[in-house]
Amino acid sequence: MEGNGGNGGRVYVGNLDKSAKKAKQLVMGKLRIGKAVDWATAFSLWPVHLTTSCCGCEFAATWSPRFDAEQHGALPWVGARQTNMILIEGTVTKKMACAVRVTWEQMPSPKFAIAMGACAIDGGIFYNSYNIVRPWEIIPVDVYIPGCPPRPEAVARAIIELQRKIRKQRVVSKWIEEGWRPDKEYVKPKEDPCSWWRG
Amino acid sequence: MDLAQARKIVEEALSGIEARVEEGRGFIEFIVSKENLVEAASRLKKAGFDHVKSLTVVDYKAEGKFKIVYYVSSYLNEDLAGVIVGIGTEVPRDNPKMPTLVYVWRSAEFQEREVFEFFGIDFEDHPDLRLLLLTPQVAEKRPLRKDFIVKEEPIIRTTPPTG
């Protein structure tokens, strides 16, 4: 072509979405690395440091040397953009719901959520409070841990349960193939949790 | 120093200001009128009480008033550091306005903001009277007032009530 980078220059024109789809089909279909993707994701579930409530103490104890949840391949990390799991620790207040949702939206897919403690299931002792929301109204939760607070062993168990779910149901490879998560509905909050902040 | 000695010091400091004393086991409160509150507080500060430990509000719905008490103590004066005394006032429930004590004790600032959002008490001349913990939708219900009813789980009685 003339005028594009001088002599011998070329411009490739094509549909990027189409070629990306083709490449995906090649990798996930012909080469069959889906199983490896599931396996790899199951052993690198990194929860984000987002301590919503008092269960955060048990969260800290889970990763302490005694219980050592890092042996399951889970490492708490500070940046939401480098993590793929969110561990909701206890009550979520109305203001914290905004932080949870914003963090969830920043995390790259495939991503998972574990809700910890009685408050995260249905309010716990704050069941009739004016200032809480249920976490399952904000983000899709995979595993619930009952207890007030749950023992660190229970938290480690939940991580293992999530790993088992990912590997048995092939959640991640299906997610990548489909482009969205097939076995879980997309949760959109009924009312904007950040409305107080946006004004 | 015990509470009786502290009471003497406070009464000396508040001489000339009419104050109602409420005393119980381990606490003492001086309730003054709304107009005299800033004057009384600055006199207490001169006497050595240099910070607010906590700020409480009680909603007396039947009597139609709020009782606001600042619990003050001292860091620098070692004698006074062991005691906590209360200095407070009462405001009507339908028009809860009172002067701020931020300019006397700086540590009252955030506690007054919290009282503002939970009870709707308006602190005049407060430098930064914004919401602190609640969202605007919740705060406008004034959730710690007595007429804010929280729905409770029904409790089934197995034995008849006594007394």
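Because the model is predicted, local features are reported at pLDDT of at least 70 and side-chain atom pairs at pLDDT 80 or more, whereas totals for chains, interfaces and linings use all residues. Residues are numbered from 1 along each chain as its sequence is written, and chains are lettered from A and ligands numbered from 1 in the order in which they are written.

The secondary structure of chain A comprises eight helices and five strands, where helices (H or I, at least four residues) and strands (E, at least two) are DSSP runs numbered from the N terminus. Along the sequence these elements follow the pattern α-α-α-β-β-α-β-α-β-β-α-α-α. The C-alpha atoms of chain A fill a box of roughly 70 × 45 × 30 Å along the principal axes. Of the 199 residues in chain A, 31% are buried, a residue being buried if 20 or more other C-beta atoms, placed from the backbone, lie within 10 Å of its own, exposed if 12 or fewer do, and partly exposed in between.

In helix 2 of chain A (residues 34-42), A:Asp38, A:Thr41 and A:Ala42 are buried. The buried residues of this helix fall within an arc of 100 degrees when seen down its axis, so they line one face of the helix, the arc being that of the directions from the helix axis to the C-beta atoms. On the other side of helix 2 of chain A, A:Ala36 and A:Ala40 are exposed. The cover over the buried residues of helix 2 includes helix 6 (152-168) and helix 7 (171-178) of chain A.

Helix 2 and helix 7 of chain A pack at an angle of about 120 degrees, with their axes 7 Å apart; axes are lines fitted to C-alpha atoms, for helices over the stretch in contact, and angles run from 0 to 180 degrees between N-to-C directions. In this packing, A:Gly34, A:Val37, A:Asp38 and A:Thr41 in helix 2 meet A:Val172, A:Ser173 and A:Ile176 in helix 7, two residues being in contact if their C-beta atoms, placed from the backbone, lie within 7 Å.

Between the chains, ten residues of chain B are in contact with six residues of chain A. Elsewhere in chain B, B:Leu76 is placed in the loop between strand 4 (65-73) and strand 5 (85-92), and B:Leu76 is exposed, with 9 other C-beta atoms within 10 Å.
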